Amino acid sequence: MGNGSSAQKHARTDKLERSWWPWQVCREFQRGNCTRGESDCRYAHPLEAGMVDCSENSVIVCMDYIKGRCSRDKCKYFHPPAHLQARIKASQHQASQNTASAPLVSSSQDPIRTPAGNSLFF
């Protein structure tokens, strides 16, 4: 997925955004020098260079694989090893917690002040 621009990625809806997950590629792996190996490295070691988004040096994780249901013969997304799957799930959980606790604010309107001095946005 090397041809998608950042603007296109940010234009996705919230539901679609949760269905893909970028992960950084190991620069040492790309140079052929990663001493940690795929099973210990915290970065992706993609088998195919075509998976790498060169502008962001990342791969898109196959969320079907994470959920144990990727049935594609030749999947174009990264299938991470078990130790990265745990990190990805933790990152997703943290992101969903942050999204759930973030206040909904519209910056295009002025806030209404409550007697306690808090701002409300409509």
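In what order do the elements of the protein run from the N terminus on? The order is α-α-β-α-β-α-α-β-β, which gives the protein 5 helices and 4 strands. Helices (H or I, at least four residues) and strands (E, at least two) are DSSP runs, numbered from the N terminus.

This is a predicted model, in which local features need pLDDT of at least 70, side-chain atom pairs count only at pLDDT 80 or more, and totals for chains, interfaces and linings use all residues. Residues are numbered from 1 along each chain as its sequence is written, and side-chain values use heavy atoms, with hydrogens and water left out.

The confidence of the prediction comes next. pLDDT is the predictor's confidence in each residue, from 0 to 100. Its average over the protein is 75, and 66% of the residues score at least 70. Among the elements, helix H3 (residues 27-31) has the highest mean pLDDT, 94, while helix H2 (residues 14-17) has the lowest, 39. Over residues 1-18 pLDDT stays under 50, and the model has 19 contacts beyond four places in sequence for them. A contact means heavy atoms within 4.5 Å.

For the protein as a whole, consider contacts between residues at least 6 apart in sequence: 47% of them join residues at least 24 apart. Of the 122 residues, 25% are buried. Buried means under 20% relative accessible area, exposed over 50%, and partly exposed in between (1.4 Å probe, protein chains only). The accessible surface comes to about 8800 Å², and carbon and sulfur atoms account for 51% of that surface. These areas come from the Shrake-Rupley method with a 1.4 Å probe; for residues, only the protein chains shown count as cover.

What is the count of salt bridges? There are 2, where a salt bridge is a side-chain nitrogen of Lys or Arg within 4 Å of a carboxyl oxygen of Asp or Glu. One joins the side chains of Arg-31 and Glu-28, at 2.8 Å from N to O. Both residues lie in helix H3, 3 residues apart, about one turn of the helix. Arg-31 is exposed, at 54% relative accessible area, whereas Glu-28 is partly exposed, at 31%.

Another salt bridge links the side chains of Arg-72 and Asp-64, at 2.9 Å from N to O. Arg-72 counts as partly exposed, with 38% relative accessibility. Asp-64 is partly exposed, with a relative accessible area of 25%.
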